[in-house]
Amino acid sequence: MSHMGVRVESVLRKIESNPRFMRNVTFRHTIPAQKGVYEPIPAHLPPQLRQLLQRKGIAELYSHQAAAINAVESGADIVVVTPTASGKTLCYNLPVIKTLLEDEEARALYLFPTKALAQDQVAELMVWSEELGGRIKTYTYDGDTPGDARIAIRSAGSIVVTNPDMLHSGILPHHTKWMRLFENLKYVVIDELHIYRGVFGSHVANVLRRLARICQFYGAKPQFICTSATIANPKEHGETLLGRPVSVIDINGAPRGQKDILFYNPPVVNKPLGIRRSSLLEAEAVAHELIAAEIPTIVFTRSRLDTEVLVTYLRKSFHKLGQPHETIRAYRGGYLPKQRRQIERDLRAGKVLGVVSTNALELGIDIGTLQAAVLTGYPGTIASTWQQLGRAGRGHEPSLAVMVANSSPLNQFMIQNPTYFMDRGVEFARISPNNLYILVSHLKCAAFELPFVQGERFGEVDPTEILDYLTDQMILRKVDDRWYWMSENYPAVDISLRSASTENFAIIDTTDGQTRVIGEIDRFSAPMLIHEGAIYIHESVQYHIDQLDWDRQKAYARQVDVDYYTDANLDVELKVLDVFDKEEFPQVKRSWGEVMVVAKTHMYKKIKFYTHENIGWGNISLPEQELHTAAYWFSIPNENVATLDRGALQSALLGAAHLLGNIASLELMCEPSDLGVTAQIRSPFTGDPTVYIYEKYPGGVGFSEQLFAAHGRLLWRALSIIQKCPCPSGCPSCVGPVEEVGIEGKAHTSWFLKGVLNDGPQTQTAEAFAPTE
Ligand SMILES: [Zn+2]
């Protein structure tokens, strides 16, 4: 075994011989090492390519690579589903380069979900091209591409590397300029297919429908080569997304070293309040142990703020040991591209021993060899957890992964039910490309690109009705059997594939009288993170936000050195606009429909480092943000809760909201951040105490309807978490902290949920709603 292997083994032995640590380990699992399965390099690859592989020291391929290349050769559209670091890029680069060597005019389009992945790939392709005498002209086309380079790419690029957002707003609407690409398009490569789920995936499916129309117009019939992390339904997902049949290749031939996985639940330090030790501090301790043993380690956190807090802690403790700051790095969205590329390079070069990251590094960006992963908090889905656990370990080397739970109900459920985690399997990737809101947006874009002809389908959809509606709205004009775009506007610029808003706020450092942009932040997060008085942390450097210019989307900051960070509270108001379906029973009424959510931040807290105590607060005065979306809600008639006083009712509703907000994502197998929850003690709409779960995306994507159907199971699960929680009166792991829900919060919430479950819809027995696992 190598030095690194010995180090990993010895840290693992040290951890395991520490009874104080092991007492809190709820799950210990070893994934055994596996030998590689190899196949000869396919004979149909041209000699130059075979020789190049040999020069690179590749004498054989992994079995999945050979299977992929042969499937493409036979004309199939494929999805390759294997873990990170299994050599997925060869699965598409070899067939594409083969075709480009044989046909100089041939073109390929590569789509990556992020710029970082795209740039990674271009760097790799440049090396290939150089080896092949400059024959493969590869270009990135994204928002950073300079104007003069764009013209060259359109005509000369054999491989155009871009992202779906750029395809949507920069390429498809200008397809006439891209004629050479579309006329000769032989392959579309889509990497990280699993990222295209939920709202983003539903948009991308429609962008691909538009791509299919344009290809058809230019007479091209490209083949699709896709790769994906493990999801429950790669075939179904690939087919829904691409709108065509796909073959799945999912038997991994790459070798792997042994991986040891530990789940760690921080001990309860305050029994009456049910408070556990901070997951950040516990994760820091584990990471410290690993980094001190010189094991390259990645630490994942659940938020940008946690990333900065944790990197600050780690740098401070290693600084004392004489380590320079550069050995510990932070990585997250909001850093400028140049800074991120630098961190990626330093990681690959082995200059960094510890990297603290949000899920931004969960994807396949090449960051070299890491041998340990520490997860601070459950990542939100089982699939994400496997991705993060899998970020450590390459080739034959052993690796170690530790997940440290925080005290939210979802984390506690997962850490205490490891069999659920192991048996349940990864989530399904779900998209709803026919969501009306999304579909209409893309029909507009498609009509702008090429007129629709009567009888033409858009994917599986007959668009006639929507096109007629758009004609009534004076957006389209119908002449004979064709619909033409007639509006002045150019539709794609107003439609963002990822979130409700495309506008980012710039953060400007004004220390020493200079002005320098240090980062950016999306509009929705701005009121929480860069309000005036906020401490904004950027690679562990603290900045005080002196001024936030809301209209110009700029925040002016100054470097400071303080012993606290800030955390803002978000207040949410919700108004029902329309009811799509409802069911009413004597004890509970439930519905789903259309709502307007208004979010506003009023105040922030100052929180001291390490002790995490509250040392002050401040006001925030910023405009409200509106979200028009879908929600599911249930209410309990006033007369049924007449025995509870107002305070008790308030605590029951807060408790129910806290719990349901956490576990609804479990039911939907979606990201917890896709949903919001709010409760009203006397809802203006129902007139009764009401709990709402809303979707954090304009128009919603069908989650509300699913929750409406799952109502009983959801409430049953909530009740069982309360009953199993060992705390006496409420804690962050069940109904929320006692300071928020009061000393009887647990009792009130439990009474309230039992009341709702007592009859509610149809077969109201607890067994009927018992979780099936
Ligand atoms: Zn509890």
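Helix H16, which spans residues 409–416, is mostly covered, since seven of its eight residues are buried. Those buried residues are Pro-409, Leu-410, Asn-411, Gln-412, Phe-413, Met-414 and Ile-415. Keep in mind while reading that this is a predicted model.

After H3 comes Gly-57, which has a positive phi, near 80°.

The largest nonpolar core has 158 residues, and the residues with the most contacts inside it are Tyr-110, Leu-660 and Phe-752. Helix H21, residues 646–668, gives the largest share of this core, namely 11 residues. If its neighbours within four places in sequence are left aside, Leu-660 is in contact with Phe-634, Val-691, Ile-693, Leu-714, Leu-715 and Ala-718. There is also a second, separate core of 37 residues, and Val-79, Leu-109, Leu-181 and Cys-226 are among them.

Next comes a sheet. It is an open sheet of three strands in the order S19-S21-S20, and the pairing is antiparallel. Strand S19 (452–453) and strand S20 (476–479) are the edge strands, each of them pairing on one side only. S19 pairs with strand S21, residues 482–485, in the antiparallel sense over two bridges, and Phe-452 stands opposite Trp-483 in S21.

The last stop is a metal site. Which residues coordinate the zinc ion? They are Cys-725, Cys-727, Cys-731 and Cys-734, each through its SG atom, at 2.2 to 2.4 Å. In sequence, these donor residues follow the spacing C-x1-C-x3-C-x2-C. Why is the arrangement around the zinc ion tetrahedral? It is tetrahedral because the four donor atoms subtend angles of 102 to 116°, and four donors count as tetrahedral if all angles lie between 85 and 135 degrees. Cys-725 counts as buried because its relative accessibility is 13%, and Cys-734 counts as buried because its relative accessibility is 0%, where buried means under 20%.

Methods:
Residues are numbered from 1 along each chain as its sequence is written. This is a predicted model: local features need pLDDT of at least 70, side-chain atom pairs count only at pLDDT 80 or more; totals for chains, interfaces and linings use all residues. Side-chain values use heavy atoms; hydrogens and water are left out. Donors are N, O and S atoms within 2.8 Å of the metal (3.2 Å for Na, K and Ca); water is not among the atoms, so sites may look incomplete. Four donors count as tetrahedral if all angles lie between 85 and 135 degrees; four count as square planar and six as octahedral if opposite donors are over 155 degrees apart and all others between 65 and 115; anything else is irregular. Buried means under 20% relative accessible area, exposed over 50%, partly exposed in between (1.4 Å probe, protein chains only). Two strands pair if DSSP finds at least two bridges between them. Helices (H or I, at least four residues) and strands (E, at least two) are DSSP runs, numbered from the N terminus. A nonpolar core is a set of buried Ala, Val, Leu, Ile, Met, Phe, Trp, Tyr and Cys residues joined through side-chain atoms within 4.5 Å. Contact means heavy atoms within 4.5 Å.
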